[in-house]
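Good morning, and thank you for making time for this item.

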2 protein chains.
Amino acid sequence: MDEKDAAVPEGWTQQKRPLAWNKRFEFADYAQTRAFLDDLAALSEASGYYPNLNFARTHVVVTIQFEGDEVEPRLRDFAHSTDACARRGPG
Amino acid sequence: MDEKDAAVPEGWTQQKRPLAWNKRFEFADYAQTRAFLDDLAALSEASGYYPNLNFARTHVVVTIQFEGDEVEPRLRDFAHSTDACARRGPG
């Protein structure tokens, strides 16, 4: 994987040992938070990958943890799809 | 509130400053985790209280944080209702 692909996507912070990407998403109200969580649930069921999600009424922190020290394409794609869900906003 | 009411419910651990109760719930599969999360969402919408929820495929950690150092009855009731949701299991 070339460097560009392994780079941390915009807005995500990287943590090492174990390698993980974190991002906090803020929402105007609980309905939007739920819509985002429902989108991520569909993403997880489609991809078979379940990130750690930490949420309350108006925020969700997504943590994508990699197996080793390598950025797995499948999980990098999950991060990009997560961003797309957030951009799309409530249905 | 008498002592019994302020006691930490069974299975919950207490943290101080700020006062909070935590409990980890384990599930056999994602469907059961989702059913529990949906029950808690309904509980939050009915009570207007939104705990911090940290979950992945088969576990949910519920954190109930109190405003001051006093166990608020409304939040203690939320903890008991959370246990009831877990006991009930999937619909």
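Glu26(B) has a relative accessible area of 52%, so this residue counts as exposed, the threshold being over 50%. Please keep in mind throughout that we are looking at a predicted model. The partner of Glu26(B) in a salt bridge is Arg24(B), and their closest N and O atoms are 2.4 Å apart. Arg24(B), for its part, is partly exposed, at 48% relative accessibility.

A second pair in chain B joins Asp77(B) to Arg76(B). Here the closest N and O atoms lie 2.9 Å from each other. How do the two partners compare in exposure, buried or partly exposed? Asp77(B) is partly exposed, with a relative accessible area of 36%. Arg76(B) stands at 14% relative accessibility and therefore counts as buried, since buried means under 20%.

Arg34(B) and Asp38(B) both belong to helix H2 of chain B, which covers residues 30-47. They sit four residues apart, which is about one turn of that helix. A salt bridge connects them, with 4.0 Å between the closest N and O atoms. I would draw your attention to that value because the criterion for a salt bridge is within 4 Å. Asp38(B) is partly exposed, at 33% relative accessibility.

This pair does not stand alone. Which residues take part in the network of salt bridges? The linked residues are Arg34(A), Asp38(A), Arg34(B) and Asp38(B). On the chain A side, Arg34(A) is located in helix H2, residues 30-47 of that chain. Its relative accessibility is 19%, so Arg34(A) counts as buried under the 20% limit. Leaving aside residues up to four places away in sequence, Arg34(A) touches Asp38(B) and Ala41(B). Over all chains, the structure holds twelve salt bridges.

Let me now turn to the symmetry. Chain B can be superposed on chain A by a turn of 180° with a shift of 0.0 Å along the axis, and the RMSD is 0.0 Å. The two copies are therefore related as by a two-fold rotation axis. The same surface serves both copies, as 100% of the contact residues of chain B recur in chain A. And which residue of chain B comes closest to the rotation axis? That is Asn54(B), whose C-alpha is 2.0 Å from the axis.

Notes: Residues numbered from 1 in each chain as written. Chains lettered and ligands numbered in written order. Predicted model: local features only at pLDDT ≥ 70, side-chain atom pairs only at ≥ 80, totals over all residues. Heavy atoms only, no water. Salt bridge = Lys/Arg side-chain N within 4 Å of Asp/Glu carboxyl O. Buried < 20%, exposed > 50% of the residue type's maximum accessible area, 1.4 Å probe, protein only. Helix = DSSP H or I, 4+ residues; strand = E, 2+ residues; numbered from the N terminus. Contact = heavy atoms within 4.5 Å. Least-squares fit on C-alpha atoms with pLDDT ≥ 70 in both.
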